[in-house]
Amino acid sequence: MIVDRNCLFGNEALLSFLSDRIAERNAPHAYLLEGPDGSGKKTLALWLAEALNCRNEEAVPCKRCRFCRTIAAMQSPDVFWIGMLENTAKKSIGVDEIRAIAETIYLLPNDLETKVYIIPDADTMTQQAQNAFLKLLEEPPSYVLFLLLCENRYALLPTVRSRVQLLTMERFSEEVLREWAMRNCESAPRLSETKPEVISTAVRLADGSIGRLKAFLALSEKDREKHPYFEACETAGQCFDALFPEEPGPAFRTELMKIFLKRADTRDRLVRLADLLCTALRDLILCAESSGERPGELLFFNPERGIRIAGQCVRSRIWESYRDLASVRDSSDANPNVPLMQNSMMRALYLLRQ
Ligand SMILES: [Zn+2]
């Protein structure tokens with residue numbers, strides 16, 4: 001039997017590893033798929049569910065049989081999507097969702113060989129939810145496979161992490177992304193003639209993820225300029241340029257003030273900016289804690305810049321700054337006072353220069 005691994009661009013090593021496990025019928029009971037938005041985690045989860053359950057004798061997944069088709073259409077009674085926050089106003093997966101898994105897990109599958117539970121935003125599980133989940137992870141029935149999808153494995157308790165096998169999605173280099181765009185995005189060749197900076201920005205913002213790159217390049221020019229992520233990402237980058245110029249000077253407070261007044265003057269813009277700054281600070285924490293070794297996967301900075309900036313900060317101040325920014329982001333519903341938010345965020349950023 002052949003395992004057809006033509007489901008994702010790149011990710012060669014990962015797909016080859018998984019194909020072997022599928023062919024040997026030797027998959028563990030839980031995988032943790034880590035990667036940024038748009039890196040193909042859901043595609044990979046579906047492919048795994050199909051490949052493990054397709055009964056074609058020549059090549060799996062065949063994409064034609066009843067099993068493959070119901071799984072791909074997300075209609076199989078044996079493949080469960082848990083949480084699915086993107087369709088709701090909820091921000092985390094609570095203990096109720098995990099209890100719902102506990103209610104079905106011991107029932108034999110309807111028609112598949114492997115019953116699959118996919119948790120797309122596993123890193124949003126509350127601590128109680130994770131503790132409840134831990135019990136299920138300890139001794140699941142042999143026909144169950146859990147697929148936990150996350151952007152950041154460190155949001156999961158160490159006890160959960162130790163019971164799942166980690167699979168990291170490939171992050172593509174800027175050259176690979178650029179080449180991919182030229183071959184696969186209709187607008188790319190024209191843009192590279194007329195507005196090469198758009199491709200560069202998209203490639204930089206895509207941050208290793210083909211899904212994100214594709215989404216950016218599919219936008220019309222007008223929507224692109226208005227795209228809030230484009231804008232917030234640029235603003236966050238400007239904040240770090242102001243704080244850590246090549247030649248550090250004393251004027252960073254004035255520079256930050258200008259940026260905030262011009263580009264972060266509404267509650268929504270501030271919340272998006274606070275969120276991106278938190279992502280950037282998470283990177284700086286990783287860089288600071290890697291003590292000279294190459295840091296783990298960075299989401300905002302390229303490694304050289306992250307290491308350079310982290311090297312200029314006091315580690316405890318990065319944590320403090322992170323906590324303050326996260327608290328502005330998380331309490332903005334309660335207190336949408338724009339000048340107050342601007343001040344708290346600027347103060348949080350000053351900490352990095354202390
Ligand atoms: Zn099939």
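A crossing of two helices is called right-handed if the near helix is turned clockwise from the far one by less than a right angle. Keep that in mind as we look at this predicted model.

Helix H12 passes helix H14 in a right-handed crossing. The two pack at an angle of about 55 degrees, and their axes are 9 Å apart. That angle makes H12 oblique to H14, because angles from 65 to 115 degrees would count as roughly perpendicular and those under 35 as roughly parallel.

Which residues meet in this contact of H12 with H14? The table names some from each helix.

| Helix | Residues in the contact, among them |
|---|---|
| H12 | Tyr229, Ala232, Cys239 and Phe240 |
| H14 | Arg269, Leu273, Leu277 and Leu284 |

The residues of this contact divide into 13 nonpolar, 1 polar and 3 charged.

Now turn to helix H15, which spans residues 303-311. Here Gly306, Ile309 and Ala310 are buried. These three cover an arc of only 100 degrees around the axis, so they lie on the same side of H15. What covers the buried residues of H15 includes H12 (228-243) and H14 (267-289).

**One more residue in H14**

Aspartate 268 also has its place in helix H14. Its relative accessibility is 45%, and therefore aspartate 268 counts as partly exposed. Aspartate 268 and proline 61 are 207 residues apart along the chain, and their C-alpha atoms are separated by 44 Å.

Note on methods
Residues are numbered from 1 along each chain as its sequence is written. This is a predicted model: local features need pLDDT of at least 70, side-chain atom pairs count only at pLDDT 80 or more; totals for chains, interfaces and linings use all residues. Side-chain values use heavy atoms; hydrogens and water are left out. Buried means under 20% relative accessible area, exposed over 50%, partly exposed in between (1.4 Å probe, protein chains only). Helices (H or I, at least four residues) and strands (E, at least two) are DSSP runs, numbered from the N terminus. The arc is that of the directions from the helix axis to the C-beta atoms. Contact means heavy atoms within 4.5 Å. Axes are lines fitted to C-alpha atoms, for helices over the stretch in contact, and angles run from 0 to 180 degrees between N-to-C directions. Angles under 35 degrees count as roughly parallel, over 145 as roughly antiparallel, 65 to 115 as roughly perpendicular and the rest as oblique. Ala, Val, Leu, Ile, Met, Phe, Trp, Tyr, Cys and Pro count as nonpolar, Asp, Glu, Lys and Arg as charged, and the others, Gly among them, as polar.
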